[in-house]
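Here is a short report for a reader meeting this structure for the first time. Please look over the sequence and the model before reading on.

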Amino acid sequence: MSSLCSRFPNLRKVQINYDGWTPDYGVTMGLHNMPGISSSGLLSVAMAHIIIQEETGLRFLLGKCRALERLCLHLVHGLKDCDMVALFQSCSNLRSIKLVLMPLKCRPRSTFSTPFTDDSLKALALGCPKLEDVDIAFGGCDPYCPSEIGFTQEGLLMLIQSCPIRVLVLTGANFFNNVGMAALSYMPFLETLDLMDCVAVTDAGIHSIAGTPRLVNLTLRECNHIIDGGLTKLAHDKKLESLTISGCPKISQHAIQGVATSVHYSVESPRYIALGRF
């Protein structure tokens, strides 16, 4: 990778995806095979199904990419808060981040938790003032056990209230509830909200976001605690341009008519991630 960046100084985008990854067999990135990405003009990096060696860390691999605007980490293992904190301190131009996380076994108590905590979110908020697109997905977490997710609702709200977030996508965020939804109504830049399998969000939360100043696109997928009545305030305000309902069994197709300029409805929604724990 380092050689690639040095040979192509105008390189703007890098994607590393190992689809054959398993817990016991995958691609391991370490000092011996990835001695740091040094392209100062690199704008976008996406890594999927990669294991980062502890002595390397994401901060070493990407620490010199100060122009970085888009970062996607999809099941990249071996990362810690300290890696994320150091990275975000050097990536002030970051505008978009996507994280796909799953709980890992934590020693010595043998509990399960996703690897990052609110410390990473705080560093992201402080170091990346241009951030406008946040997409965080949690797979393999017990929907009714928020402790399996290292982030808290308070940490997430601190992030989205500190940056000009226009797009927020949350998948499997079991800690995010109606209090969080109410906080979204005060976000001055939020235009697009996409919630999938957020089990703690109910009708009251949907009523709250009707007051979000710039919200025009709303997607609800597998949100099983929202019923037809949750959409009444949105229908009354008639501010939405696009509404997508997918796999929400308590919302009828009839209820979404007239809620937005463009509506899309489907009974089933494909699972976002099918992974066990390890």
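## Ground rules

This is a predicted model: local features need pLDDT of at least 70, side-chain atom pairs count only at pLDDT 80 or more, and totals for chains, interfaces and linings use all residues. Residues are numbered from 1 along each chain as its sequence is written, and side-chain values use heavy atoms, with hydrogens and water left out.

## The whole chain

The protein has 8 helices and 13 strands. Both are DSSP runs numbered from the N terminus: helices are H or I with at least four residues, strands are E with at least two. Of its 278 residues, 49% count as buried. Buried means under 20% relative accessible area, exposed means over 50%, and partly exposed lies in between (1.4 Å probe, protein chains only).

The protein exposes about 12,700 Å². Carbon and sulfur atoms supply 53% of that area. Accessible areas come from the Shrake-Rupley method with a 1.4 Å probe; for residues, only the protein chains shown count as cover. Among contacts in the protein with a separation of 6 or more, 72% come from residues 24 or more positions apart. A contact means heavy atoms within 4.5 Å.

The structure holds 2 aromatic pairs. Rings of Phe, Tyr and Trp (its six-membered ring) pair if their centres lie within 6.5 Å; planes under 30 degrees apart count as stacked, over 60 as edge-to-face and the rest as tilted. Phe 138 lies in strand E8 (residues 133–138), and Phe 151 in the loop between E8 and helix H5 (153–162), so the pair ties together parts 13 residues apart in sequence. Both Phe 138 and Phe 151 are buried.

Phe 138 also pairs with Phe 175: the ring centres are 5.9 Å apart and the planes at 80°, so this pair is edge-to-face. Phe 175 sits in the loop between strand E9 (167–171) and helix H6 (178–184), so its pair with Phe 138 ties together parts 37 residues apart in sequence. Relative accessible area is 1% for Phe 138, which is buried. Phe 175 counts as buried at 10% relative accessibility.

## Helices H3 and H4

How do H3 and H4 cross? The axes of helix H3 (residues 81–89) and helix H4 (residues 118–127) come within 8 Å and cross at roughly 0°. Axes are lines fitted to C-alpha atoms, for helices over the stretch in contact, and angles run from 0 to 180 degrees between N-to-C directions. H3 and H4 are therefore roughly parallel to each other. Angles under 35 degrees count as roughly parallel, over 145 as roughly antiparallel, 65 to 115 as roughly perpendicular and the rest as oblique. On the H3 side, Asp 81, Met 84, Val 85 and Phe 88 meet H4. The H4 partners are Asp 119, Ser 120, Ala 123, Leu 124 and Gly 127.

Buried residues in H4 include Ser 120, Leu 121 and Ala 123. Their cover includes H3, strand E5 (96–101) and H5. Leu 121 counts as buried at 3% relative accessibility. Leaving aside neighbours within four places in sequence, Leu 121 is in contact with Phe 151, Gly 155, Leu 156, Met 158 and Leu 159. The C-alpha atoms of Leu 121 and Met 84 are separated by 8.8 Å, and the two residues are 37 apart along the chain.

## Cysteines

How many disulfides does a search of the whole structure find? It finds 0. A disulfide is a pair of cysteine sulfur atoms within 2.5 Å. For Cys 198, the closest cysteine sulfur is in Cys 223, 5.6 Å away, too far for a bond. Cys 198 is buried, with a relative accessible area of 1%. Cys 82 counts as partly exposed, at 37% relative accessibility.

Most residues other than glycine have a negative phi. Leu 75 has a positive phi of about 55° although it is not a glycine. Leu 75 is found in strand E4 (residues 70–77) and counts as buried at 2% relative accessibility.

Glu 222 also has a positive phi, near 55°. Glu 222 lies in the loop between strand E11 (217–221) and helix H8 (232–237). Glu 222 is buried, with a relative accessible area of 10%.
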